Amino acid sequence: GLAWKAEQLWIGCRAPNLDGAAAIFSISAEAIFTQPVESWPKAKFHKVPLGRGIGVRDLAPLTDGFLILAGQSGSEASSEFPIPLNYDGDKAFTLFHWNPETPNGLQRIGNLPVLKGKAESMMVLDESDTTISIMVLYDGAYNGAPRAFTLTKPRM
């Protein structure tokens, strides 16, 4: 997942899962696009406790933090990797509200409905004080099977 907020690029990693936490990095967007790599500032590392085996599929900026689309951190078998070591099946795709500036700033919103395909990306269509409207795209579904959802925004 990749998001831009407050002059920072935020990079959410699907894997590895670190003892129940997903990795999200933030770094100055200006530095990345204007300076040679050896001059980049050190990225800030955030451990986000999404749960064992769960990683970030996508990130979207909100006025008071981020919306995280989370799912299985492992990958299914492929011709290149016929025996997946850390894949437990794509059972659920969960949305979280995360504010990195707040202690205990992670709140689970809930699981997306089970549809054909894997929830892979999202974008915020609208945000109010009480709701968040999003569009979710599904990998493996015809034309991405775009679906719109309106969520109740958690109180932080």
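Predicted model: local features only at pLDDT ≥ 70, side-chain atom pairs only at ≥ 80, totals over all residues.
# A quick tour of the sheets, cores and loops

Residues are numbered from 1 along each chain as its sequence is written, and side-chain values use heavy atoms, with hydrogens and water left out.

**Terms you'll need**

- Strands here are DSSP runs of E with at least two residues, and helices are runs of H or I with at least four, numbered from the N terminus.
- Two strands pair if DSSP finds at least two bridges between them.
- Buried means under 20% relative accessible area, exposed means over 50%, and partly exposed is in between (1.4 Å probe, protein chains only).

**Strand pairing**

- Strands of a sheet pair through backbone hydrogen bonds, either parallel or antiparallel.
- β5 and β6 are joined in the antiparallel sense by 8 bridges, and Val56 has Ala70 in β6 as its bridge partner.
- Strand β2 (residues 8-12) runs antiparallel to β3, with 5 bridges between them; here Leu9 is opposite Ile27 in β3.
- β3 also pairs with strand β4 (residues 44-48), again antiparallel and over 5 bridges, with Phe25 opposite Phe45 in β4.
- Strand β3 (residues 22-28) has 5 of its 7 residues buried, so the rest of the structure largely encloses it.

**The nonpolar cores**

- A nonpolar core is a set of buried Ala, Val, Leu, Ile, Met, Phe, Trp, Tyr and Cys residues joined through side-chain atoms within 4.5 Å.
- The largest one has 17 residues, and Leu67, Leu95, Leu112, Ile134, Val136 and Tyr138 have the most contacts inside it.
- At least two residues of this core come from each of β5 (54-62), β6, β9 (118-127), β10 (131-139) and β11 (147-152), and β10 gives the most, with 4 residues.
- Apart from this core lies another, of 13 residues, including Val48, Leu59, Ile68 and Trp98.
- Contact means heavy atoms within 4.5 Å. Not counting residues up to four places away in sequence, Leu112 touches Leu69, Phe93, Leu95, Ala119, Val136, Tyr138 and Phe149.

**Loops with something to look at**

- Ser73 lies in the loop between β6 (65-72) and β7 (94-98), and Ser73 is buried because its relative accessible area is 7%.
- Leaving aside neighbours within four places in sequence, Ser73 is in contact with Arg14, Ala15, Asn17, Gly53, Ile54 and Gly55.
- Most residues other than glycine have a negative phi, and most peptide bonds are trans.
- Ala15 and Pro16 are joined by a cis peptide bond, with omega about 0°; Pro16 is in the loop between β2 and β3.
- Ala6, in the loop between β1 (2-5) and β2, has a positive phi near 55° and counts as exposed at 60% relative accessibility.
- Glu7 is found in the loop between β1 and β2, where the phi of Glu7 is positive, near 65°, and Glu7 counts as exposed at 53% relative accessibility.
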